[in-house]
Amino acid sequence: MAAVRFTLPGTHLSVSGLVAVAAVTMPGLQRWIMARRENRVLALLLVLWFAGQVASSLCADVPVVEAVLNALVFPTLVGVGAFVLSRLAHGSTSRVAGLAVLASAAYCVFLTISPTGYFEQDPWKYGLGVPSTIICFAAVGTLRRRGHPAAALLLVAGLAALHLFLGFRSLAAICLVALAVLIARRPDRRLTIGRAALTACVCLFAVWLCATAYSAVVERGWLGQEQYDKQHYQSQVQGGYLVASRPEMMMSAELITEQPLLGRGADVVVSPQERQDVVMELYERGVNISLGQQRRLFDNGTNSHSLALASWIRGGVLGFLPWFFVLLMLYRTVLRRWQSSDQLLYPLAVFMTLLLTWDFFFSPWAPGYEIVLGIAWSVVLAVAHLNRPDRAKS
């Protein structure tokens, strides 16, 4: 059968590929969904996301076939990633840690063999940084389990410094906040209000420390002229680094406000008035949007630079719910009381929670990102059912 291809920003998927994936996964899919309540809720939310985006596209006069195919892409990728990797892990903490390492290494190979233009421009920031850090946090858990907490903390601090030096600011901040959590919180103790407040204060201090360290390094010219110019410009913007580096947030807010429930469908068209409103808002905040940047933001649909917000724009509030649910499960995992013998995954759970919080709101879909989502969901299932190993049903 000839592959009928369709396109969405950042991904290409053929109908024949979807059929092949369905054929491989269907035999165990029903058992996987019924085995855990978390899987049932996730599956339901993915179906609602698909239905919501189809409805949004049809209301926007998108042809039926195109509406269905476009709506099928991302729910399918998320579902397949969560299903395949968590099935392989069987809910065992040791297997999840090993799977995280192997899947991340395979992700690095995939990115190297099939590089994108961004990857060729900056391989660390646009590819290798995240899976390499996942591998390191699995090692952090192993070091802590073997009685070397100081070495584990040094490894995390070294990762933060490496990301900062290579210009991957968001990942450096995530590592520093993860370091703060590992220092401030004892996972084998109940999380009281006082301990939660202390952990939050330490995390805020870690964010401030990262921003201060980055500014100092850049001001001394250690990261080159390009980073110096970028930091100097972004520091002058009203709203700080976040607005300056993510002007797409303003556009996303404008579109969601216009259609918060139903969304705009797959073929999002920004009206001239909406475009002018966003550009003027950014101009008032000190963000200079060139014609090239405007084309990047508004042409060929929208570039929201956010997994969750892009889903909300295309499929309404139903497109946002799966991302919210995954984050809710991750935070529940981190905040629970861990038994001392089960803390192998704790550093990885902290990192994945912080990483996905940033990615869901401030990062676009990247080729192969379903691997990262699958690792995160495997951690959720393993920790939620530590006392119920059930290989037959998982």
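Trainee: Before we start, what should I know about the model?
Mentor: It is a predicted model, where local features need pLDDT of at least 70 and side-chain atom pairs count only at pLDDT 80 or more, while totals for chains, interfaces and linings use all residues. Residues are numbered from 1 along each chain as its sequence is written, and side-chain values use heavy atoms, with hydrogens and water left out.

Trainee: Thanks! How many helices and strands does the chain have?
Mentor: There are 18 helices and two strands. Both are DSSP runs numbered from the N terminus, helices being H or I with at least four residues and strands being E with at least two.

Trainee: And how much of the chain is buried?
Mentor: Of the 394 residues, 48% count as buried. Buried is under 20% relative accessible area, exposed is over 50%, and partly exposed is in between, using a 1.4 Å probe and protein chains only.

Trainee: What about the area on the outside?
Mentor: The chain exposes about 18700 Å², and carbon and sulfur atoms supply 65% of that. Accessible areas come from the Shrake-Rupley method with a 1.4 Å probe; for residues, only the protein chains shown count as cover.

Trainee: Which residues have the most contacts inside the largest nonpolar core?
Mentor: Those are Trp323, Met352, Leu356, Phe360, Trp365 and Trp377, in a core of 97 residues. A nonpolar core is a set of buried Ala, Val, Leu, Ile, Met, Phe, Trp, Tyr and Cys residues joined through side-chain atoms within 4.5 Å.

Trainee: Take methionine 352, then. What is it in contact with?
Mentor: Leaving aside neighbours within four places in sequence, methionine 352 is in contact with Ile134, Leu330, Val372, Ile375 and Ala376. Contact here means heavy atoms within 4.5 Å.

Trainee: And phenylalanine 351, buried or exposed?
Mentor: Buried, because its relative accessibility is 0%. Phenylalanine 351 is in helix H17, and apart from neighbours within four places in sequence it is in contact with Thr133, Ile134, Phe137, Leu171 and Ile174. Phenylalanine 351 and leucine 179 are 172 residues apart in sequence, yet their C-alpha atoms are 9.2 Å apart in space.

Trainee: Anything to look at where H15 starts and where it ends?
Mentor: At the start, a side-chain oxygen of serine 306 comes within 3.1 Å of the backbone nitrogen of leucine 309. After H15 comes glycine 316, with a positive phi near 75°.

Trainee: Which residue other than glycine has a positive phi?
Mentor: Aspartate 61 does, with phi near 65°. Aspartate 61 lies in the loop between H2 and helix H3 (64–89), and it counts as exposed because its relative accessibility is 69%. For background, most residues other than glycine have a negative phi.

Trainee: Okay, salt bridges. How many are found in the whole structure?
Mentor: One. Arginine 186 pairs with aspartate 188, and their closest N and O atoms are 3.1 Å apart. The term means a side-chain nitrogen of Lys or Arg within 4 Å of a carboxyl oxygen of Asp or Glu.

Trainee: Are those two partners buried or partly exposed?
Mentor: Arginine 186 is partly exposed, because its relative accessible area is 44%, whereas aspartate 188 is buried at 18%.

Trainee: Last topic: which residues form a nonpolar patch on the surface?
Mentor: Leu162, Phe165 and Leu166 form one, with about 280 Å² of accessible area together. Patches are made of residues with over 30% relative accessible area and no salt bridge; like charges are joined within 9 Å and nonpolar side chains (Val, Leu, Ile, Met, Phe, Trp, Tyr) within 5 Å.

Trainee: Where does leucine 162 sit?
Mentor: Leucine 162 is in helix H7, residues 149–165, and it is partly exposed, with a relative accessible area of 35%.

Technical notes: Polar contact = N/O pair within 3.5 Å; in protein donor to acceptor, adjacent residues only side chain to side chain.
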